[in-house]
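Take a minute to turn the model around on your screen before you read on. Then let's walk through it together, one piece at a time.

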Amino acid sequence: MRLTRSSLLCCLALVVWLCQVVPSVSAYDIVDVQHGGSLEGRVTLSGAVPDPKAFNLITFPDPTYCGRISNGKGWRLLRDFIVNAESGLKNAVVLLEGVESGKPFDLSVPLIEARDCMFGPWMTIVRNGHAVEVVNMDPVMHDIQGYETSPEAGARVLFNTPLILNQQHQRGNMHAIHNHAPGKSLVGPVYLNKGRRTFYMQCGFHAYMESWAMAVNNPYYAVTDDQGAFRIENVPPGTYQMVVWHPQAGPGVTRTITVGPDGATVEQVALPAPRGTRTAYRVMDNPRFGLESLGHPVEIEPLVEHQH
């Protein structure tokens, strides 16, 4: 039987797809850790804290509802750098590479929630070959676009799926709170290609909704708190590569560390702040995209959070 050119192309596409979705298995053995140590410390941002990204709400669907979080002038601010008074950087990932055996690796399917037109958490951890679950608490539809990405190879689409509106929310009541059950969940598998570690999710309807994740191969990781602090416990004594990464602070920092038995290894890491103008999304007064451009009355009130 002869195959046509189109059939050959279809077969080739199927092979490529299978190669992409079969997860790579990284060997990790669960053992009883003897005299485990800990890794702790703090991640700071070196340099001026960048301004948040700003999005003109009337250029996106659902400006009234999504404007419940806004600056009072029709703009939604996306704060991708959260830094305290002592320069402590929140949402930085700290992980150890080279740990081949140790404590149980029981990372469950992480839950990402769409609430008030924001994804939360903004930073999470995924296990390669597993999945993420997304639920909608909002009375508006979202469009879930998931990508794997890397500075070298760019982005590749993992899934693109509508997330229907939550019928249990009091639609039309701008003062309603989310004291209801979540909507139907979307569970999407995350199979990252070799060499790619980061996962990015955005709403195709509301560009200011984004969430980031780092794929890990062992349970020795942490995400910094609002002080920039982290702690990883029960580490088998040994020498490893410590990776510190934030999605908006460049390629991150990698250094060799040694964790001793029964004690704490302390590391302080400073990530550089971006310099110059890093984004075109900035608050501005532009009558072309003022409320009057819609041709009908619109009230955008920050009833949930008045951003500054």
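What follows is a tour from the overall make-up down to single residues.

First, some ground rules: this is a predicted model, so to speak, in which local features need pLDDT of at least 70, side-chain atom pairs count only at pLDDT 80 or more, and totals for chains, interfaces and linings use all residues. Residues are numbered from 1 along each chain as its sequence is written, and side-chain values use heavy atoms, with hydrogens and water left out.

Let's start with the big picture. The protein holds two helices and 22 strands. Both kinds of element are DSSP runs numbered from the N terminus: helices are H or I with at least four residues, strands are E with at least two. Of the 308 residues, 45% count as buried. Buried means under 20% relative accessible area, exposed means over 50%, and partly exposed is in between, using a 1.4 Å probe and protein chains only. Now look at contacts, meaning heavy atoms within 4.5 Å. Among contacts with a separation of 6 or more, 73% are between residues 24 or more positions apart.

Next, find the open sheet. Strands of a sheet pair through backbone hydrogen bonds, either parallel or antiparallel. Here, two strands pair if DSSP finds at least two bridges between them. Four strands line up in the order β17-β6-β19-β20, with antiparallel pairing. At the edges sit β17 (221–223) and β20 (253–259), each pairing on one side only. Neighbouring strands in this sheet are turned by 20 degrees against each other on average, direction ignored. (The axes behind that angle are lines fitted to C-alpha atoms, for helices over the stretch in contact, and angles run from 0 to 180 degrees between N-to-C directions.) Zoom in on β19 (residues 238–245), and you'll see it pair with β20 in the antiparallel sense over seven bridges. M242 stands opposite R255 in β20.

On the pairing side, β8 joins β11 (residues 131–136) in the parallel sense over four bridges, with I112 opposite V134 in β11. β8 also pairs with β9, this time in the antiparallel sense over three bridges, and E113 has G120 as its bridge partner in β9. The hairpin of β8 and β9 has two residues between the strands, and D116 takes a positive phi near 55 degrees there.

Compare that with β5 (residues 75–78). W75 and L77 point one way and R76 and L78 the other way, yet all are buried. Four bridges join β5 to β3 (residues 53–56), and the two run antiparallel. A54 stands opposite L77 in β5.

How many disulfides does the structure hold? There is one, counting a pair of cysteine sulfur atoms within 2.5 Å as a disulfide. This disulfide joins C66 to C117, with 2.0 Å from S to S. C66 lies in helix α2 (residues 63–66) and C117 in the loop between β8 (111–115) and β9 (118–120), so the pair ties together parts that are 51 residues apart in sequence. The torsion about the S-S bond is about -60 degrees, so the disulfide is left-handed. C66 is buried, at a relative accessible area of 0%, and C117 is buried with 0% as well. In soluble globular proteins, nonpolar side chains tend to be buried together. A nonpolar core here is a set of buried Ala, Val, Leu, Ile, Met, Phe, Trp, Tyr and Cys residues joined through side-chain atoms within 4.5 Å. The largest core has 69 residues, of which V43, L96 and F119 touch the most other members. Leaving aside neighbours within four places in sequence, V43 is in contact with residues including L89, F230 and L271.

Last stop: the aromatic rings. Rings of Phe, Tyr and Trp (its six-membered ring) pair if their centres lie within 6.5 Å; planes under 30 degrees apart count as stacked, over 60 as edge-to-face and the rest as tilted. The count comes to eight aromatic pairs. One of them, W212 with W245, is edge-to-face, at 6.3 Å centre to centre and 65 degrees between the planes. W212 sits in β16 (residues 210–216) and W245 in β19, 33 residues apart. Together with Y147 and Y200, W212 and W245 form one aromatic cluster.
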